[in-house]
Amino acid sequence: MMTRRQTNFALLSAASVAATGIAAASDAKIMQLPPARTSGGMPLNEALMLRHSTREYSSRPLDPQLLSDLLWSAFGINRPSGDRTAPYWRHIMVIDVYAVMANGTWLYDPRRHVLARHLEDDIRARTGLQDFVGTAPLNLVYVAHGERMQDASAEDRRLYASADACFIGQNVYLFCASEGLATVFRGAVDQRALAQAMQLGNDEFVTFAQTVGYPAHAG
């Protein structure tokens, strides 16, 4: 008999396949990521000492290996059960991680560790109210599925989803500190306008966004 956790993972894996079915039909719509490096890195206490927010970025795109490692660190699968590098509400994965870059908007699929194209247009400037978001190489957008929290009120759905997004955001902060990248977790987002720009479903909503890139002094 499957446990509740195993059942939820199976259901969400099927949902992930369905959601990216169109993208999976064409290799041009899938960005293959190098295998994530899951060992090494800076000691935790050193990363905590270096963790900080930055609002000045180089426009240089992230190296593919760094992008792969970043996404896995943020919310990748770290156990055979399908569980993730960040905790989540009641063992129900309500957050999707979108990578908004110059070459379009991509949905991170942790099960396959790939990015599936969601939009072709560059909507980086729509991911926040500050100028730097439009030129930074990567803006992560944390999108919640309200329909997966059916026994919670609308207010509680946003609360729980926001907590899950914050866990992911802290993973990103620590990874960036370890790798010498710059980042800032942002609530200054027109959430409704961004949801419209991203063509999200009626039961999906934006929680927060997070900018990542090389520091401005890195060139």
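**Sheet, helices and ring pairs**

Q: Which residue in β7 is the bridge partner of L138?
A: Strands and helices are DSSP runs numbered from the N terminus, where a strand is E over at least two residues and a helix is H or I over at least four. Two strands pair if DSSP finds at least two bridges between them. In β7, the residue bridged to L138 is V212.

Q: What kind of model is this?
A: Residues are numbered from 1 along each chain as its sequence is written, and side-chain values use heavy atoms, with hydrogens and water left out. Local features need pLDDT of at least 70, side-chain atom pairs count only at pLDDT 80 or more, and totals for chains, interfaces and linings use all residues, for this is a predicted model.

Q: How many bridges join β6 to β7?
A: T183 stands opposite V212 in β7, the residue that is also the bridge partner of L138. The strands β6 and β7 run antiparallel, and the number of bridges joining them is five.

Q: Over how many bridges do β5 and β7 pair?
A: Strand β5 covers residues 138-145 and strand β7 covers residues 204-213, and the two pair in the antiparallel sense. The number of bridges over which β5 and β7 pair is eight.

Q: What is the average twist from one strand to the next?
A: The open sheet has seven strands with antiparallel pairing, in the order β1-β4-β3-β2-β5-β7-β6. Its edge strands, each pairing on one side only, are β1 (30-32) and β6 (182-186). From one strand to the next, the twist averages 30°.

Q: At about what angle to β7 does helix α5 run?
A: Angles here run from 0 to 180 degrees between N-to-C directions, along axes that are lines fitted to C-alpha atoms, for helices over the stretch in contact. Helix α5, residues 154-179, lies across β2, β5, β6 and β7. The angle at which α5 runs to β7 is about 10°.

Q: How many of the ten residues of β7 are buried?
A: A residue is buried under 20% relative accessible area, exposed over 50% and partly exposed in between, using a 1.4 Å probe and protein chains only. Strand β7 is mostly covered, and the number of its ten residues that are buried is nine.

Q: Which backbone oxygen does the side chain of S73 reach?
A: S73 has its place in helix α4, and its 15% relative accessibility means that S73 counts as buried. Leaving aside neighbours within four places in sequence, S73 is in contact (heavy atoms within 4.5 Å) with T85, N171 and F175. At 2.9 Å, the side chain of S73 reaches the backbone oxygen of D69.

Q: Why do F75 and Y88 tie together parts that are apart in sequence?
A: Rings of Phe, Tyr and Trp (its six-membered ring) pair if their centres lie within 6.5 Å, and planes under 30 degrees apart count as stacked, over 60 as edge-to-face and the rest as tilted. The structure holds five aromatic pairs. Among them is the edge-to-face pair of F75 and Y88, 6.4 Å centre to centre with 80° between the planes. This pair ties such parts together because F75 lies in helix α4 and Y88 in the loop between α4 and β2, 13 residues apart.

Q: How many residues apart are W89 and Y160, the two members of another pair?
A: F75 and Y88 are both buried. The rings of W89 and Y160 have centres 5.4 Å apart and planes at 20°, so this pair is stacked. The pair links distant parts of the chain, W89 in the loop between α4 and β2 and Y160 in helix α5, and their separation is 71 residues.

Q: How far from the ring centre of F75 does R84 lie?
A: A charge sits over a ring if NZ of Lys or CZ of Arg is within 6 Å of the ring centre and within 35 degrees of the ring normal. The charged end of R60 sits over the ring of Y214, 3.7 Å from its centre. R84 lies over the face of F75, and its distance from the ring centre is 4.6 Å.

Note on methods
Polar contact = N/O pair within 3.5 Å; in protein donor to acceptor, adjacent residues only side chain to side chain.
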